[in-house]
Amino acid sequence: MNSTAPPHLLDEKLLRPFEVEQECRELIYAARFLPRWRYAPMGVLRSWYG
């Protein structure tokens, strides 16, 4: 690795917003095309924010 590169290229606290966005996208997809599968993204969101 380059000696001038920062030691941590990944800021872990920025991952959660992307995970939430992905779960919301999956919920919207399920609501539109696979209503029986809405429980999966809803379950994840409930476990995070329940």
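**Figure 1. Charged side chains of the protein chain.** The protein chain carries 7 positive and 6 negative side chains, and 11 Å separates the centres of the two sets. Lys and Arg are counted as positive and Asp and Glu as negative, while His and the chain ends are not counted. The place of a charge is taken as NZ of Lys, CZ of Arg, CG of Asp or CD of Glu. This is a predicted model, in which local features need pLDDT of at least 70 and side-chain atom pairs count only at pLDDT 80 or more, whereas totals for chains, interfaces and linings use all residues. Residues are numbered from 1 along each chain as its sequence is written, and side-chain values use heavy atoms, with hydrogens and water left out.

**Figure 2. Overall form of the protein chain.** The secondary structure consists of 2 helices and 0 strands. Helices (H or I, at least four residues) and strands (E, at least two) are DSSP runs, numbered from the N terminus. The C-alpha trace spans about 50 × 25 × 10 Å along its principal axes. The radius of gyration of the protein chain is 16 Å, whereas a compact globule of 50 residues would have a value near 10 Å. This radius is taken over C-alpha atoms, and the globule rule is 2.2 Å times the number of residues to the power 0.38. Of the 50 residues, 8% count as buried. Buried means under 20% relative accessible area, exposed means over 50%, and partly exposed lies in between (1.4 Å probe, protein chains only). The accessible surface of the protein chain is about 4,600 Å², and 60% of this belongs to carbon and sulfur atoms. Accessible areas come from the Shrake-Rupley method with a 1.4 Å probe; for residues, only the protein chains shown count as cover.

Figure 3. Side chains of opposite charge can pair when their charged atoms come close. A salt bridge is a side-chain nitrogen of Lys or Arg within 4 Å of a carboxyl oxygen of Asp or Glu. The whole structure holds 3 salt bridges. In the one formed by D11 and K13, the closest N and O atoms are 3.9 Å apart. D11 is partly exposed because its relative accessible area is 35%, whereas K13, at 65%, is exposed.

Figure 4. The side chains of R16 and E19 meet in a salt bridge with an N to O distance of 3.6 Å. R16 and E19 both belong to helix α1 and are 3 residues apart, about one turn of the helix. R16 counts as partly exposed, at 36% relative accessibility, and E19 also counts as partly exposed, at 36%. R25 forms a salt bridge with E21, with the closest N and O atoms 2.9 Å apart. R25 and E21 also both lie in helix α1, 4 residues apart, about one turn of the helix. E21 is partly exposed because its relative accessibility is 36%.

**Figure 5. A nonpolar surface patch.** Y29, F33, L34, W37 and Y39 make a nonpolar surface patch of about 600 Å². Patches are made of residues with over 30% relative accessible area and no salt bridge; like charges are joined within 9 Å, and nonpolar side chains (Val, Leu, Ile, Met, Phe, Trp, Tyr) within 5 Å. F33 is found in helix α1, residues 15-33, and Y39 lies in helix α2, residues 39-49. F33 counts as exposed because its relative accessibility is 53%; Y39 is exposed, with a relative accessible area of 55%.

**Figure 6. R36 in the loop.** R36 lies in the loop between α1 and α2. R36 counts as exposed because its relative accessibility is 73%. R36 and E12 are 24 residues apart in sequence, and their C-alpha atoms are 33 Å apart in space.
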